[in-house]
Amino acid sequence: MISDLTEDQKKWVERTGFGRLLDFTLELIPANLAYNVFQIFDPNTVSLNLNNELIPIMEEDVYEVLGLPCGRESITLGTYDYYRSRIDEWSAQFKTEKESTQVTVAKLVQLIKNQGLTQNFKFNFLLVLSNVLIGTPIYSYIDRQMLRLHGNLDECYRYNWAEFLISYLVSATKSWNENASSHFRGSAIFLTVRIIIIYIYQFILFRTSNNY
């Protein structure tokens, strides 16, 4: 999605607070690696258990890894009824009511390619972001909760997306621990990349100390 954004769309992404995502690329995460990562995240202490050492997950870590803003305002979601007109307007992008309820991330990416800097583009961008980086839905179709976002789409930097991701990660992990055969809904991308960064940092420290 990022590579196909127009210049105007990229400028909006930067203005609203997600500029660091413009340089973020990731092709895939090996399934076995992701599964092992899920097992070492402790939702009760919100930390990673690496070699019997608890490494806390902080909001700053989310910003460092994914570039998601840590604004002062918590993200809140309104009810479906409150945002009914907004949701109906967004749904009008699709040919049929059935199609509007069976939307995939890939479908949104295709829509974005043909949209200008419209309100629907902004929501589609946030929906892709939330469904890929923050939490993955249980089923094949997207979670549309970002359509109920309270706030100004042009000032996403005001909101604490890192807090939202961590909260989602904690609840998703607790649910997964209760039923490990279920789909993991938390941010596998964040956890995996964070652990890779930790190991790289530890490797550098090890090499540096040995040089001395």
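Trainee: How many residues does helix α8 have, and what does it reach from its first C-alpha to its last?

Mentor: This is a predicted model, and in it α8 covers residues 161–178. The span expected at 1.5 Å a residue is 26 Å. Helix α8 has 18 residues and comes close to that expectation, with a reach of 26 Å.

Trainee: Which residue caps the N-terminal end of α8?

Mentor: Look at the backbone nitrogen of A162. A side-chain oxygen lies 3.3 Å from that nitrogen. The oxygen belongs to the capping residue, N160.

Trainee: Which residues in α8 are buried?

Mentor: Residues three or four places apart in an α-helix point the same way, because there are 3.6 residues a turn. The buried set in α8 includes A162, F164, I166, V170, A172 and T173. Also buried in α8 are W161, L165, Y168, L169 and W176.

Trainee: Is I75 buried or exposed?

Mentor: I75 is found in the loop between α3 (59–66) and α4 (84–91). Its relative accessible area is 12%, and the cut-off is under 20%, so I75 counts as buried.

Trainee: Which residues is I75 in contact with, leaving aside its neighbours within four places in sequence?

Mentor: Two of the contacts are L149 and Y159. N160, which caps α8, is also in contact with I75.

Trainee: What separates the C-alpha atoms of I75 and T192?

Mentor: Along the chain, I75 and T192 are 117 residues apart. Between their C-alpha atoms the separation is 24 Å.

Trainee: What volume does the largest pocket have, and which element gives the most to its lining?

Mentor: The elements that give two or more residues to the lining of this pocket, which has a volume of about 620 Å³, are α6 (105–113), α7 (119–134) and α9 (188–211). With five residues, the element that gives the most is α7.

Trainee: How do the residues lining the largest pocket divide into nonpolar, polar and charged?

Mentor: The lining of the largest pocket has 24 residues, and F24, L26, V132, L133 and I189 lie nearest the centre. By class, the lining divides into 18 nonpolar, five polar and one charged.

Trainee: Which residues line the largest cavity?

Mentor: The count comes to one cavity of 30 Å³ or more, and about 50 Å³ of space lies in the largest cavity. By class its lining has two nonpolar, four polar and one charged residues, and α7 gives the most, with three residues. The lining residues are S130, N131, I134, G135, D143, Q145 and Y168.

Trainee: Which residues does S100 touch, not counting those up to four places away in sequence?

Mentor: S100 lies in helix α5 (residues 97–101). At 4% relative accessibility, S100 counts as buried. The residues that S100 touches are W90, S91, F94 and R144.

Trainee: What is the phi of V46?

Mentor: V46 sits in the loop between β1 (41–42) and β2 (47–50), and counts as partly exposed at 22% relative accessibility. Its phi is positive in a residue other than glycine, near 50 degrees.

Trainee: What is the phi of N52?

Mentor: The place of N52 is in the loop between β2 and β3 (53–56). At 77% relative accessibility, N52 counts as exposed. N52 is not a glycine, yet its phi is positive, at about 65 degrees.

Technical notes:
Residues are numbered from 1 along each chain as its sequence is written. This is a predicted model: local features need pLDDT of at least 70, side-chain atom pairs count only at pLDDT 80 or more; totals for chains, interfaces and linings use all residues. Side-chain values use heavy atoms; hydrogens and water are left out. On a 1 Å grid over the protein atoms alone, a cavity is a set of points where a 1.4 Å probe fits but cannot get out, and a pocket is an open set with protein on both sides within 12 Å along at least five of seven lines; lining residues have an atom within 4 Å of a point. Grid points are joined across faces, edges and corners, and a volume is the space filled by probe spheres set on the points. Helices (H or I, at least four residues) and strands (E, at least two) are DSSP runs, numbered from the N terminus. Ala, Val, Leu, Ile, Met, Phe, Trp, Tyr, Cys and Pro count as nonpolar, Asp, Glu, Lys and Arg as charged, and the others, Gly among them, as polar. The expected span of a helix is 1.5 Å times one less than its number of residues. Buried means under 20% relative accessible area, exposed over 50%, partly exposed in between (1.4 Å probe, protein chains only). A polar contact is a pair of N or O atoms within 3.5 Å; within protein, one must be able to donate a hydrogen and the other to accept it, and residues adjacent in sequence count only if both atoms are side-chain atoms. Contact means heavy atoms within 4.5 Å.
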